[in-house]
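Subject: Structure handover

Hi,

Here is the structure you asked for. My notes follow below it.

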Amino acid sequence: MAAEKSPVLFERTSALTDKVTNYCPGCLHGITQRLVAESLDRLGLADTAVGVSPVGCAVIAYEFYSCDMVQAAHGRAPAVATGLKRARPENTIFTYQGDGDLASIGMAETIHAATRGENITVIFINNAIYGMTGGQMAPTTLPGQITQTSPYGRDVKAAGNPIRVCELLSSLDGVALAQRVTVDTPSNVRKAAKAIRKGFEYQREGLGFSIIEVLSSCPTNWGMTPYKALEWLRENMIPYYPPGVYKDVKAGE
Amino acid sequence: MAKVTVDIEYCKGCGLCVDFCPEGIMQMDNDVITQKGYHPAHCVDLDKCTLCLNCATMCPDVAIRIER
């Protein structure tokens, strides 16, 4: 009698390609990217989804997702996604952007796509630094944080204060879901997976703009080991950027 | 018995699976060097694996496959 086939508890989703990512060892981009791919797979959207990759570490994300992808100019992913969604409303459209892309050069596109209530899902990776270009200060860099361009720590008098994107967008009427999650522990990864799925479900129901902000680490540019970077994230980023649901149009139901 | 397979083509040796394994059975394999030049992770004692999936959940490179 043939032995019973062992059930697989965890394996690579088919919504990801076989390519090895360009992310540094221990970068949480990889986890978030997996969660997005698994969410699409689980909701049965993996074949019809179209993603928009940003400029930044995730610039070649089109190599890693099995679904169709478009690569947008720096910060313009929500504008490209708007066009895609209006032309192909039956497809699920998502953008995958970092903080330099979404909160700096792309802030206008982000805010206007949100206030128009474009029916797209934005996955926003916040690691408080420009990763790909070598660790410069980003709009989300914490006060006092040392980066390549703030070697004495971010001085809020000269460089301004960090932007809390979820809080900012939560005041706009077009936003259906604004939620901040982290992926620093296995339980938080599961919560993040749920939030990302919710974003795609809201888009499927046509509720409007959904943004999931994922607090992430940058071990290379923060100059820490991957595990130490997670501790730094918990100690410094979470108090400034508290995870939670900032807007949910279905919250009252 | 559990089966934990690390695909060394994907593993970049970040060690997050080692840090998050509650049983302490994930370790870096210092005898192996991957094509990218990293020491990959491996499971040293499958009998102790509780199938909590922490290693696979925290693996940024989706290199770990777990079977019952």
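In helix 4 (residues 107-115) of chain A, four residues are buried: A:E109, A:T110, A:A113 and A:A114. Buried means that 20 or more other C-beta atoms lie within 10 Å of the residue's own; 12 or fewer is exposed, in between is partly exposed, and C-beta atoms are placed from the backbone. Why do they sit on the same side of helix 4 of chain A? They cover an arc of only 125 degrees around the axis, which puts them there. The arc is that of the directions from the helix axis to the C-beta atoms. An α-helix has 3.6 residues a turn, so residues three or four places apart point the same way.

The cover over these buried residues includes helix 2 (77-87), helix 3 (99-105) and helix 6 (165-169) of chain A. Strand 6 (175-182) and strand 7 (209-215) of chain A are also part of it. Just after helix 4 of chain A, A:G117 has a positive phi of about 70 degrees.

Before the rest, some ground rules. This is a predicted model: local features need pLDDT of at least 70, side-chain atom pairs count only at pLDDT 80 or more, and totals for chains, interfaces and linings use all residues. Residues are numbered from 1 along each chain as its sequence is written, while chains are lettered from A and ligands numbered from 1 in the order in which they are written. Helices (H or I, at least four residues) and strands (E, at least two) are DSSP runs, numbered from the N terminus.

Sheet within chain A

Seven strands of chain A form an open sheet in the order 3-2-4-5-7-6-8, with mixed pairing. Strands pair if DSSP finds at least two bridges between them. Strand 3 (68-71) and strand 8 (244-248) of chain A are at the edges. Each has a single partner strand, so one side of each lacks a neighbour in the sheet. Neighbouring strands of this sheet are turned by 15 degrees against each other on average, direction ignored. Strands 6 and 8 of chain A run antiparallel, joined by four bridges. A:L177 has A:D248 in strand 8 of chain A as its bridge partner.

Helix 7 (residues 186-204) of chain A packs on the sheet. Helix 7 touches strand 5 (121-126), strand 6 and strand 7 of chain A, and its direction makes about 165 degrees with that of strand 6. Axes are lines fitted to C-alpha atoms, for helices over the stretch in contact; angles run from 0 to 180 degrees between N-to-C directions.

Sheet across the two chains

Three strands form an open antiparallel sheet, ordered 1(A)-4(B)-1(B). Two bridges join strand 1 of chain A to strand 4 (residues 64-67) of chain B. A:V8 has B:E67 as its bridge partner, and A:F10 has B:I66.

Where the chains meet

25 residues of chain B are in contact with 23 residues of chain A. Contact means C-beta atoms, placed from the backbone, within 7 Å. Helix 1 (16-20), helix 2 (54-58) and strand 4 of chain B each supply at least two residues of the side that touches chain A.

Chain B itself

Chain B has two helices and four strands. Along the sequence the pattern is β-α-β-β-α-β. Of its 68 residues, 44% count as buried. The C-alpha trace of chain B spans about 30 × 20 × 20 Å along its principal axes.

Best wishes

Note on methods. Two residues are in contact if their C-beta atoms, placed from the backbone, lie within 7 Å.
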